Amino acid sequence: MDRFMRILSFLLLALALALPNTAAARNAHRIKDIVDVENVRENQLVGYGLVVGLAGTGDRTRNTPFTEESVQAMLERMGVNVRGSQLKTANVAAVSITATMPAFARSGSRIDVTVSAIGDATSLQGGTLIASSLRALDGEIYAVAQGQVSVSGFKAQGAAASISRGVSTSARIADGAIIEREVPYALRSATSLKLALKNPDFTTANQIAGVINSAFAGTAEVLDPATVELKPGPGFPGSVVDLVARIENLPVSVDQPAKVIVNEASGTVVMGSNVRISPVAIAQGGLTISIAETPQVSQPAPLSQGQTQVVPRTQVAVDDGSGRSLGTVGGETSLSSLVAGLNALGVSPRDLITILQAVKSAGALQADIEVQ
């Protein structure tokens with residue numbers, strides 16, 4: 001029994017010591033999730049092509065002459081001479097092709113592409129993209145796209161009604177492009193690299209450098225709130241690539257400024273955990289006017305030679321929000337207390353936007369408001 005109690009006490013002590021570390025790890029973020037590595041980025045590709053095989057939903061060549069010219073050029077490359085003839089096919093659509101080339105993509109690997117109609121095509125459903133080149137902004141061809149397009153939306157119409165869902169003039173091709181040219185970058189030979197914070201902040205940058213230097217002394221230096229430079233120290237045996245691989249999973253506590261994001265169109269309010277409101281009293285109310293129309297029919301007596309008339313009847317009700325008292329908000333240290341105080345006023349999200357802007361004007365909101 002004594003041995004059992006000693007084992008139980010040891011397990012409880014170990015659990016108690018592990019709880020703070022577990023909570024700290026839960027609030028921390030990996031370095032790889034909060035920074036971008038210098039030159040490790042995607043590249044945008046764009047191209048022009050033709051989607052064929054449409055069921056009469058393609059471009060009307062009379063309205064889109066570039067589609068007709070593209071079809072003629074394609075057929076001539078295949079040895080078919082159609083110069084001088086007027087094409088009236090509705091099974092072809094001119095499209096723009098966009099794709100994102102991942103960092104360090106190698107020749108022969110595949111990427112997804114997005115196809116969007118340029119002309120007056122009504123749907124790309126059932127079409128096939130003819131082989132088209134994809135170029136970067138430097139004008140060089142980096143990939144070639146071709147394949148069956150996949151449309152998520154649809155559109156159907158009759159003589160007097162139509163129905164649609166999603167967008168039928170935009171489609172995707174999974175693994176629809178093959179990389180033909182690589183972006184040259186010798187990352188292995190670099191002597192230093194910069195980590196760019198996705199959300200620049202002095203405190204976060206300093207914490208990242210501190211965590212890295214605690215693991216590998218003298219390898220990180222803060223250049224500005226958005227940049228931390230990595231440089232292997234004298235005692236580090238590997239290259240800068242090895243250093244990135246070692247530090248990208250280190251946990252870092254991320255700090256954030258006090259900010260309130262307001263979207264007036266949708267009535268959305270998002271507040272960070274550091275938002276605070278000084279003690280302030282708020283009275284919220286609104287003027288509501290209700291108008292109801294209940295017209296009545298006045299029927300004349302029989303043989304009175306009168307005429308039937310419609311007599312208007314209108315009822316107007318006004319609610320000025322009287323009876324509501326002041327409510328106090330603020331003075332607490334947690335975001336949950338702030339939200340609970342604002343919810344206690346019984347305000348809608350749109351009223352909350354007006355209240356927050358008024359509280360900010362009064363100097364009681366200790367945060368920045370960003371209106372979208």
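Me: Where is phenylalanine 104 found?

Reply: Phenylalanine 104 sits in the loop between β4 (92-101) and β5 (110-117). Keep in mind that this is a predicted model.

Me: What is the phi of phenylalanine 104?

Reply: Start with the general idea. Most residues other than glycine have a negative phi. Now the case here. Phenylalanine 104 is not a glycine, yet its phi is positive, about 60 degrees. Aspartate 175 is another residue other than glycine with a positive phi, near 55 degrees. Aspartate 175 lies in strand β10.

Me: How do I read exposure for these two residues?

Reply: Under 20% is buried, over 50% is exposed, and in between is partly exposed. Phenylalanine 104 has 33%, so it is partly exposed. Aspartate 175 has 42%, so it also counts as partly exposed.

Me: Is valine 228 buried or exposed?

Reply: Valine 228 is buried, because its relative accessibility is 0%. Look for it in strand β13 (residues 227-230).

Me: Which residues form a nonpolar patch on the surface?

Reply: The patch is made of Val40, Phe104 and Tyr185. Together they have about 220 Å² of accessible area. You have met Phe104 already. Tyrosine 185 is in the loop between β10 (170-179) and β11 (193-197). Its relative accessible area is 31%, so tyrosine 185 is partly exposed.

Me: How do I check the length of a helix, say α4?

Reply: Count 1.5 Å a residue, then compare with the distance between the end C-alpha atoms. Helix α4 covers residues 202-215, which is 14 residues. The expected span uses one less than the number of residues. That gives 20 Å for α4, and its end C-alpha atoms are 20 Å apart, so the two agree.

Me: Which residues of α4 are buried?

Reply: Thr204, Ala205, Ile208, Ala209 and Ile212 are buried in α4. They cover an arc of only 135 degrees around the axis, so they lie on the same side of α4.

Me: What does the face turned away from the buried side carry?

Reply: That face of α4 carries exposed residues: Phe202, Asn206 and Ser214.

Me: What reaches the backbone nitrogen of threonine 203 at the start of α4?

Reply: A side-chain oxygen of aspartate 201 does. It comes to within 3.0 Å of that nitrogen.

Methods: Residues are numbered from 1 along each chain as its sequence is written. This is a predicted model: local features need pLDDT of at least 70, side-chain atom pairs count only at pLDDT 80 or more; totals for chains, interfaces and linings use all residues. Side-chain values use heavy atoms; hydrogens and water are left out. Helices (H or I, at least four residues) and strands (E, at least two) are DSSP runs, numbered from the N terminus. Buried means under 20% relative accessible area, exposed over 50%, partly exposed in between (1.4 Å probe, protein chains only). The arc is that of the directions from the helix axis to the C-beta atoms. A polar contact is a pair of N or O atoms within 3.5 Å; within protein, one must be able to donate a hydrogen and the other to accept it, and residues adjacent in sequence count only if both atoms are side-chain atoms. Patches are made of residues with over 30% relative accessible area and no salt bridge: like charges are joined within 9 Å, nonpolar side chains (Val, Leu, Ile, Met, Phe, Trp, Tyr) within 5 Å. Accessible areas come from the Shrake-Rupley method with a 1.4 Å probe; for residues, only the protein chains shown count as cover. A salt bridge is a side-chain nitrogen of Lys or Arg within 4 Å of a carboxyl oxygen of Asp or Glu.
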